[in-house]
Amino acid sequence: MIDFRLKVFCSVARNLSFTKASKELYVSQPAISKHIQELEAEYSTRLFERMGTHIALTPEGELLLSHAEKILAHYKQLDFEMNLLTQRHVGELRLGASTTIAQYVLPTYLATFSQKFKQIKLSLINGNTRDIERAIEEHRIDLGLIEGVSRQPHLHYTPFMRDELVCIASTRSRLARRDEISLDELRQLPLVIRESGSGSLEVFEKTLAQHQLKLSQFNIAMQMGTTEGIKRFLYHTDSVGVVSIQAVTTDLAEGRLKVIDIADFSCEREFCFVQNAGQTGGLESDFMRYMTRKF
């Protein structure tokens, strides 16, 4: 089928690797090569330049990719709408979520969604906010869920949940005696934060800027790639961290961590769905409606 050959082509083009496309589509590498050869024969042109162990798209390949992604999106929409006529929800939904959402918000909703819509194949990748935006731009996922505040002009953002970043410390730390500190006091304490590109860090920096402060004015003890890493670091040190309240509800209830209020400082944000501009309908819209009903 032409649609599957285009799916193979898009996978090879995105990964620039026959091997990675084979693993992504669960198809043998000889079969991947055969589909590409058939497309090249059909259009009487080379779609990839072979350079030793590397490949690159030719100009003709770039043109085919731009059309193939749109065609596959239309196939997906057609499949969804035809099944909707018989009240069947089938298909594949590729999700991507920034780290906090992927770890602490989504799992429960993915479980209940998959139970309700058993014919929908779900997949999830996670990374920081910019990673997820890039995955949307490159059509590697259908719908993203992110936590940052900056916006790419060619993407569409839909808020679905409010969140707050809080200052936390281990209940075994000497800092746990404090219920509130000032921003000036926070500047002096060893502070553990997320890595560059993280939506959490972006929100924290923008809120600091509203108080005429920069991150460079703080005593940064460590930057870490995950909130779990921050929490585990705090368990064993006299440091503080800034994380989503969603990430520490269990730790607070079980007495491992404590929130320390920062006087006259509130760091709130919205979690957002992100899609390519003009992308509407399909399983993405179903999932968005399901999530917002739940919230």
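Visitor: What percentage of the contacts in the chain with a separation of 6 or more is accounted for by residues 24 or more positions apart?

Guide: A contact here means heavy atoms within 4.5 Å. Among contacts with a separation of 6 or more, the share from residues 24 or more positions apart is 73%.

Visitor: How many helices and strands does the chain have?

Guide: This is a predicted model, in which local features need pLDDT of at least 70 and side-chain atom pairs count only at pLDDT 80 or more, while totals for chains, interfaces and linings use all residues. Residues are numbered from 1 along each chain as its sequence is written, and side-chain values use heavy atoms, with hydrogens and water left out. Helices (H or I, at least four residues) and strands (E, at least two) are DSSP runs numbered from the N terminus. On that basis, the secondary structure comes to 11 helices and 13 strands.

Visitor: What percentage of the 295 residues is buried?

Guide: Buried means under 20% relative accessible area, exposed means over 50%, and partly exposed lies in between (1.4 Å probe, protein chains only). The C-alpha atoms of the chain fill a box of roughly 70 × 50 × 35 Å along the principal axes. Of the 295 residues, the buried part is 46%.

Visitor: How are helices α5 and α9 oriented to each other?

Guide: Two packed helices are described by the angle between their axes and the distance between the axes. The axes are lines fitted to C-alpha atoms, for helices over the stretch in contact, with angles from 0 to 180 degrees between N-to-C directions; under 35 degrees counts as roughly parallel, over 145 as roughly antiparallel, 65 to 115 as roughly perpendicular and the rest as oblique. Helix α5 (residues 99-116) packs on helix α9 (residues 227-235) at about 80°, the axes being 9 Å apart. The two helices are therefore roughly perpendicular.

Visitor: Which residues of α5 and α9 make the contact, and how many are nonpolar, polar and charged?

Guide: Helix α5 contributes Thr100, Gln103 and Tyr104, and helix α9 contributes Thr227, Glu228 and Lys231. Ala, Val, Leu, Ile, Met, Phe, Trp, Tyr, Cys and Pro count as nonpolar, Asp, Glu, Lys and Arg as charged, and the others, Gly among them, as polar. By class, the contact has 1 nonpolar, 3 polar and 2 charged residues.

Visitor: Which residues of α9 are buried?

Guide: At the start of α9, a side-chain oxygen of Thr226 comes to within 2.9 Å of the backbone nitrogen of Gly229. Gly229 is itself among the buried residues of the helix, which are Thr227, Gly229, Ile230, Lys231, Leu234 and Tyr235.

Visitor: How far apart are the closest N and O atoms of Asp251 and Lys231?

Guide: A salt bridge is a side-chain nitrogen of Lys or Arg within 4 Å of a carboxyl oxygen of Asp or Glu. Asp251 is buried at 3% relative accessibility, and Lys231 is buried at 4%. They form a salt bridge whose closest N and O atoms are separated by 2.8 Å.

Visitor: Which residue has a side chain joined to that of Ser244 by a polar contact of 2.9 Å?

Guide: Ser244 is in strand β10 (residues 240-244) and is buried, with a relative accessible area of 1%. A polar contact is a pair of N or O atoms within 3.5 Å; within protein, one must be able to donate a hydrogen and the other to accept it, and residues adjacent in sequence count only if both atoms are side-chain atoms. A polar atom of the Ser244 side chain lies 3.0 Å from the backbone nitrogen of Gln246. The side-chain partner at 2.9 Å is Asp163.

Visitor: Glu92 forms a salt bridge with Lys7; how many residues apart in sequence are the parts that the pair ties together?

Guide: The closest N and O atoms of Glu92 and Lys7 are 3.9 Å apart. Glu92 lies in strand β3 (residues 91-98) and Lys7 in helix α1 (residues 2-15), so the separation in sequence of the parts tied together is 85 residues.

Visitor: Is Glu133 buried or exposed?

Guide: Glu133 forms a salt bridge with Arg130, with closest N and O atoms 3.3 Å apart. Both residues lie in helix α6 (residues 129-137), about one turn apart. Arg130 is partly exposed at 26%, whereas Glu133, at 2% relative accessibility, is buried.
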